[in-house]
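Thank you all for coming. Please take a moment with the sequence and the model on the screen before I walk through them.

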Amino acid sequence: MKLYLDTANVEEIRTAAKWGVICGVTTNPSLAAKEDQDFGKILPSICDMVDGPISAEVIAMDYEGIVREARELAGVHKNVVVKIPVMPEGLGAVRTLSAEGIRVNVTLVFSVNQALLAARAGAAFISPFLGRLDDIGQSGVELVRDIVDMIDLHDLDAEVIAASIRHPEHVPAVALVGAHIATVPFKVLEQMFKHPLTDLGIEKFVSDWKKTQGK
Ligand code: G3P
């Protein structure tokens, strides 16, 4: 399973890119709105920092507007993947854009039916939102498992991005049900490194080594 970073924060992306573990970035309008800079300036910087798929979302909700915005976003850099919500006008746009070679990440997916529709329209990526489903008492991990199984069973092309990941335990859970990608917030990425025995082990290695230096 590949790891993407779910943020529009340039500093977080710069730091995570140095750690060498992420191969893509996902953003959305809410994440972009948290930043001081205009997203139009942020997107090219992100593309310079990470050489992999960078998802940027359209704001328009009608077919013509979605297609227009998507072409503009895709024109920023070859790695830009356009994010479009799963809805009738959106999927019509996915069909048009995928025929032009523009990759689309269909977002806000909460059911296997929505994932099937996205795949049939030509989505390159499908993003089920785990955390938001957990929030309403349904299992986000089970949804990811069912979508992955459906894609495998019917030999569909889309990759599943487990999104709306809220805590480190979500990551192995979606890896074990076969998600192709997990997109994680920076805080979760940091938490994934952590284990108290690793910290204790490092401390002991360093202090043992220092003792030999005095001999
Ligand atoms: O990738 C989608 C993600 O950003 C949504 O996360 O925590 O707002 O549900 P959240």
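Two strands are said to pair if DSSP finds at least two bridges between them, and strands (E, at least two residues) and helices (H or I, at least four residues) are DSSP runs numbered from the N terminus. This is a predicted model, in which local features need pLDDT of at least 70 and side-chain atom pairs count only at pLDDT 80 or more, while totals for chains, interfaces and linings use all residues. Residues are numbered from 1 along each chain as its sequence is written, and side-chain values use heavy atoms, with hydrogens and water left out.

Let me begin with the barrel. Eight strands close into it in the order β1-β2-β3-β4-β5-β6-β7-β8, with parallel pairing. Strand β7, residues 159–162, runs parallel to β8, residues 181–184, and two bridges join them: Ile161 has Ile181 as its bridge partner in β8, and Ala162 has Ala182. On the β6 side, residues 125–128 pair with β7 in the parallel sense, again over two bridges, and there Ile126 has Val160 as its partner.

Now to the ligand: which residues lie around it? Counting a residue as near if one of its heavy atoms lies within 4 Å, they are Asp6, Asn28, Leu31, Lys83, Phe129, Arg132, Ala163, Ser164 and Arg166. This shell divides into three nonpolar, two polar and four charged residues, where Ala, Val, Leu, Ile, Met, Phe, Trp, Tyr, Cys and Pro count as nonpolar, Asp, Glu, Lys and Arg as charged, and the others, Gly among them, as polar.

Some of these residues make polar contacts, that is, pairs of N or O atoms within 3.5 Å; within protein, one must be able to donate a hydrogen and the other to accept it, and residues adjacent in sequence count only if both atoms are side-chain atoms.

Finally, Asn9 sits in the loop between β1 (2–6) and α1 (10–19). A polar atom of the Asn9 side chain lies 2.9 Å from the backbone nitrogen of Glu12, and the Asn9 side chain also makes a polar contact with the side chain of Glu35, at 3.1 Å.
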